[in-house]
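Here is a brisk report on selected local features. Please have the sequence and the model open side by side.

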Amino acid sequence: MKNFFKFFSVVLLTFYFSIQVSAWGAKGHRIIGEIAQRHLNRDVSKKISQILQGESLAMCSTWMDHIKSDKSFKYMYTWHYCTIPDDKLSYDDCEVPKSGDAIQTIERLIQELSTKKISDGDERMAIRMLTHLIGDIHQPLHVGNGEDRGGNDMKIKWFGSKSNLHRIWDSELIKYQDLSYTEYVNWIEKTVSPSRLNYEKDPVRTWAMESKMIRMSGIYPPEEKTSLGYNYNFKHINPLNQRLKEAGMRLAHVLNEIYKK
Ligand SMILES: [Zn+2]
């Protein structure tokens with residue numbers, strides 16, 4: 001019996017931690033929300049602020065992580081990511097969990113907000129979710145290969161401390177820059193420029209396919225590498241910042257389109 005409880009608590013803990021590390025850290029989400037906020041058209045910004053009752057996009061961006069502690073929101077657990085295996089060339093060929101995934105949820109939220117037939121409470125919740133999920137889908141490891149829980153199973157040290165590849169992308173790299181979220185936005189607004197024109201108008205599925213491409217372009221360290229640090233930061237901080245910027249600009253574009261007069 002004792003062993004059973006031990007086993008049960010290990011399972012629970014594993015589940016708990018797998019949930020805890022399944023999203024950009026708070027700072028990543030705030031950065032994306034803040035970039036979007038700075039690129040909203042003036043009228044749209046006023047409208048969004050009304051809907052969010054004065055809360056900023058940066059602050060509302062983490063609501064979807066905070067509610068994970070409430071079991072009544074359990075049905076949303078699978079919405080933070082999607083799965084596109086390495087050999088699938090299109091999302092249309094992929095299996096989607098019954099409870100839905102990030103792509104389906106983002107597309108549905110955009111559609112629901114566009115119809116304008118939505119209650120005030122639901123509209124507020126939809127903007128909070130959209131802000132969070134557009135962020136998540138730009139994190140390359142939130143578009144998983146279906147084999148290693150988005151890199152969570154790849155245990156690896158970060159500057160000597162226990163971590164895993166997913167967590168390094170969610171939060172360790174961002175934390176390592178040692179900036180507040182507004183300082184971070186000031187930095188990347190000046191230094192990161194778009195890879196091509198009109199990228200913010202790309203459809204949702206393109207965002208996911210880009211994440212998949214980045215996932216497959218060298219962010220997995222070689223197997224013999226058990227610890228990452230300076231070198232990994234040097235190599236990957238620019239592509240990561242590019243994703244933060246793209247997510248923020250695309251969120252602004254989506255909201256500007258929905259709420260334009
Ligand atoms: Zn998330």
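How many bridges pair strand β3 with strand β4, and in which sense? Strand β3 (residues 155-158) and strand β4 (residues 161-164) pair in the antiparallel sense, over four bridges. Strands pair if DSSP finds at least two bridges between them. Ile-156 has Ser-163 of β4 as its bridge partner. β3 and β4 form a hairpin with two residues between them. In that turn, Phe-159 has a positive phi of about 45°.

This is a predicted model: local features need pLDDT of at least 70, side-chain atom pairs count only at pLDDT 80 or more, and totals for chains, interfaces and linings use all residues. Residues are numbered from 1 along each chain as its sequence is written.

The elements are DSSP runs numbered from the N terminus: helices (H or I, at least four residues) and strands (E, at least two).

| Element | Residues |
|---|---|
| helix α8 | residues 165-176 |
| helix α11 | residues 230-258 |

The axes of α8 and α11 come within 11 Å and cross at roughly 105°. Therefore α8 is roughly perpendicular to α11 (65 to 115 degrees). Axes are lines fitted to C-alpha atoms over the stretch in contact, with angles from 0 to 180 degrees between N-to-C directions. α8 contributes Trp-169, Leu-173 and Tyr-176 to the contact; α11 contributes Asn-233, His-236, Ile-237 and Leu-240. Contact requires C-beta atoms, placed from the backbone, within 7 Å.

Met-76 lies in the loop between α5 (63-66) and β1 (82-83). Met-76 and Pro-239 are 163 residues apart in sequence and 28 Å apart in space, C-alpha to C-alpha.

How values were computed
Angles under 35 degrees count as roughly parallel, over 145 as roughly antiparallel, 65 to 115 as roughly perpendicular and the rest as oblique. Two residues are in contact if their C-beta atoms, placed from the backbone, lie within 7 Å.
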